[in-house]
Amino acid sequence: MTSDVKNPYASKPTAIRQWENFFFWAFRGATYFVLLCGVAVFGYIVFKGSQTVFRLTPPFVNVAFLTESPETLYVFEHDGKKVEMGDKDYRTFRESEEAKAKAAGQPAPEFKSESYAYSAGGIFPCIVGTVLLVVGSMVIALVLGVASAIFLTEYATQGPIVRAIRLAILNLAGVPSIVFGLFGFGMFVIFFGWNVSLIAGWFTLAFMVMPVIITASEEALKTVPKGFREGSLALGATKWQTIRKAVLPYALPGILTSSILGIARVAGETAPIMFTAAYVVRDKLPWQVDKFSDFFFQGVMALPYHIYVVSSKIPQNEYTERVQYGTAFVFLAIVAVIAAASIILRNKLRSRYKW
Amino acid sequence: MVTSAFTTTAPMDTPPAASSTPTTRAPLVPAARPPAAGGTRTIIDIENLDFYYGQKQALFDINLKLDDKRVTAFIGPSGCGKSTLLRCFNRMNDLIDDTSIKRGSIKINGIDISRHDVDPIELRKRIGMVFQKSNPFPKSIYENITYGLRIQGIKSKARLDEVVEKSLRGAALWDEVKDRLYESGLSLSGGQQQRLCIARAIAVEPEIILMDEPCSALDPIATAKVEELIHELKNRYTIIIVTHSMQQAARCSDKTAFFYMGKLIEYADTRTIFMNPANSQTEAYVSGRFG
């Protein structure tokens with residue numbers, strides 16, 4: 001019976017339907033392509049890097065890579081076997097071999113070794129340096145950024161001047177990071193005489209992320225309902241009391257969200273720290289200083305700069321590749337850990353100060 | 001259900017039971033209240049007030065004397081300036097950029113509040129405010145009530161506890177929330193939240209309480225509770241209430257001021273305004289013919 005009835009709702013292969021299908025697949029394809037690129041990049045780094053960082057035998061992690069300073073790798077033949085050794089081990093090994101030979105009355109053995117810079121040891125100073133740079137610059141950026149965001153949204157009379165300031169801040173966000181590096185070099189390193197130091201790097205990086213933090217903090221402050229402010233002010237609170245007790249706690253989760261993005265950017269930038277804070281290699285660790293104030297005025301090693309150095313400033317071979325991908329892998333992991341910590345903190349604040 | 005033609009043309013807040021002839025609008029009219037012993041004192045004295053938002057004049061030559069320990073209602077259609085005037089009393093308009101009183105004065109207890117030696121912070125400690133949209137802080141009920149005291153630096157737990165109970169009892173909320181003082185103020189129902197805001201306002205013992213359409217977001221039962229509360233509070237506080245609901249003005253207030261287009265049209269005993277208005281615009285508004 002029903003089959004006799006012509007279905008008026010049947011799909012018609014019109015051009016409109018074809019375009020609909022075309023765009024659906026085009027968008028879908030674009031998304032999958034992006035996904036594929038991401039997976040390829042991460043997968044490659046994780047695949048290559050984990051070979052350096054992890055071991056198949058206990059303790060399963062390459063402890064030396066995470067806890068030691070970079071060393072020159074020596075590769076030589078000994079008793080017909082190929083041996084790889086770091087700088088310090090190689091020296092002690094040679095001395096003991098020479099002493100052994102001397103005791104046996106034989107001539108000193110000859111070592112024909114090839115050396116590869118930075119290919120032995122670990123990246124501990126870089127990890128420490130990067131964490132110090134991120135924490136310090138984020139503290140500076142958050143304090144200054146949130147303070148100026150509070151002034152701009154809560155105190156300043158909205159008018160052409162404030163609009164101009166806001167525009168200037170937004171433009172600052174578009175300045176290439178190398179330009180911030182140059183600015184930091186001219187301002188902090190040379191003019192203030194801070195030399196290549198942690199503090200110069202902190203301020204350079206802080207100025208770089210400040211626009212993001214200010215803009216996002218302003219947005220976060222604006223999302224706090226006007227009623228909270230009015231309710232507080234109507235009870236006779238001053239503006240600062242109102243901001244501290246009825247506005248800022250509720251804006252904090254939003255501010256932290258923006259600073260999480262800031263963390264990734266600060267940790268990842270190579271250009272601004274290249275001539276303000278980073279050393280190619282430094283034997284001392286940051287806390288090995290004579291007096292406390294020296295802490296701020298010392299250069300540090302940093303992960304992104306280390307990757308740059310080992311990938312482009314030294315001769316490439318199979319030994320440097322291990323360091324490159326190992327460092328990149330650790331770097332990703334550290335950024336992920338810091339970001340995760342901020343996200344947990346933000347979610348805690350969010351559930352405490354939700355409205 | 002009343003389905004007369006009247007209900008289809010009248011605004012929502014006009015009682016459907018009333019007929020359109022003014023003389024039979026009996027349910028709207030409050031019972032005449034006995035005059036207070038010893039007469040009344042003027043607490044707020046407004047003289048020739050012109051108020052501007054930027055270049056736009058919002059209030060035109062307002063002259064008004066408000067009585068102490070009485071409920072005064074401000075009525076009028078949206079945008080007539082009644083909320084603006086209310087927010088002049090605790091200088092909340094200062095918070096809006098580019099607002100100014102270009103002429104005239106507001107004296108509270110004889111002090112011109114625009115004077116340079118009047119600190120709006122001190123003024124607002126003495127003049128509480130309840131907003132249209134209930135705005136408890138997303139803190140516990142206890143912290144909401146004690147907020148005003150804490151910002152004045154009062155830390156004594158015993159004192160704070162005492163004020164919390166007193167204020168919540170004062171706002172007829174104690175019995176409903178006494179077992180959950182440390183739960184969020186936002187866990188309360190809409191009407192309870194608004195009464196919490198009233199409790200928060202009376203916790204700092206103000207002289208005057210300003211209410212800016214306190215019931216416009218509440219259901220009829222919650223509204224009735226707030227109105228009951230206004231009745232109880234008026235022995236101790238001067239209350240000025242802005243309302244869109246004429247029944248509310250009729251039920252709660254001793255005196256009513258009718259505003260239209262930034263001008264004070266008529267100010268008289270509530271009974272007079274609703275029963276026997278002198279001005280034809282007032283008459284038209286209270287009978288629901290416009291606004």
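Which residue takes a positive phi just after α8(A)? G236(A) does, with a value of about 90°.

This report describes a predicted model, in which local features need pLDDT of at least 70, side-chain atom pairs count only at pLDDT 80 or more, and totals for chains, interfaces and linings use all residues. Residues are numbered from 1 along each chain as its sequence is written, while chains are lettered from A and ligands numbered from 1 in the order in which they are written.

Helices (H or I, at least four residues) and strands (E, at least two) are DSSP runs numbered from the N terminus. A residue is called buried if 20 or more other C-beta atoms lie within 10 Å of its own, exposed if 12 or fewer, and partly exposed in between, with C-beta atoms placed from the backbone. Seven of the nine residues of α8(A) are buried, so this helix is largely enclosed by the rest of the structure. The buried residues are F228(A), R229(A), E230(A), G231(A), S232(A), L233(A) and A234(A). Their cover includes α9 of chain A, together with α3 (120-126) and β6 (127-130) of chain B.

Two residues are in contact if their C-beta atoms, placed from the backbone, lie within 7 Å. Between the chains, 18 residues of chain A are in contact with 20 residues of chain B. On the side of chain A that touches chain B, α8 (226-234) and α9 (239-268) each supply at least two residues. The largest share, six residues, comes from α8(A). By class, this side of chain A has nine nonpolar, seven polar and two charged residues. Here Ala, Val, Leu, Ile, Met, Phe, Trp, Tyr, Cys and Pro count as nonpolar, Asp, Glu, Lys and Arg as charged, and the others, Gly among them, as polar.

**Domains of chain A**

Domain bounds come from an automatic or database domain assignment. For chain A, the assignment gives domain 1 (72-121) and domain 2 (124-352). The centres of domain 1 of chain A and domain 2 of chain A, taken over C-alpha atoms, are separated by 45 Å. Five residues from domain 1 of chain A and six residues from domain 2 of chain A make up the contact. On the side of domain 1 of chain A that touches domain 2 of chain A, strand β3 (residues 113-121) of chain A gives the most, with four residues. That side has four nonpolar, one polar and no charged residues.

Two strands pair if DSSP finds at least two bridges between them. An open sheet of three strands in chain A has the order β2-β1-β3, with antiparallel pairing. Its edge strands are β2 (81-86) and β3 of chain A, each of which pairs on one side only. The twist averages 30° from one strand to the next. Axes are lines fitted to C-alpha atoms, for helices over the stretch in contact, and angles run from 0 to 180 degrees between N-to-C directions. Helix α3 (residues 87-103) of chain A lies across β1, β2 and β3 of chain A, and runs at about 120° to β2(A).

Helix α1 (residues 15-53) of chain A has 39 residues, which at 1.5 Å a residue should span 57 Å; its end C-alpha atoms are 55 Å apart, which agrees. The expected span is 1.5 Å times one less than the number of residues. α1(A) is hardly covered, with three buried residues among its 39. These are G49(A), T52(A) and V53(A), and what covers them includes α2 (63-67) and α12 (318-352) of chain A.

**Strand pairs in both chains**

| Strands | Bridges | Facing residues |
|---|---|---|
| β1 (residues 70-78) and β3 of chain A | Six bridges | V75(A) and E114(A) |
| β1 (residues 42-53) and β2 (residues 56-67) of chain B | Eight bridges | D45(B) and K65(B) |

In the hairpin of β1(B) and β2(B), two residues lie between the strands, and G54(B) takes a positive phi near 60°.

**Chain B**

Chain B has eleven helices and ten strands. Of its 291 residues, 44% count as buried. Among contacts in chain B between residues at least 6 apart in sequence, 68% join residues at least 24 apart.

Helix α2 (residues 82-89) of chain B is largely enclosed by the rest of the structure, because eight of its eight residues are buried. Among them are L85(B), L86(B) and F89(B). Just after α2(B), R91(B) takes a positive phi of about 55°.
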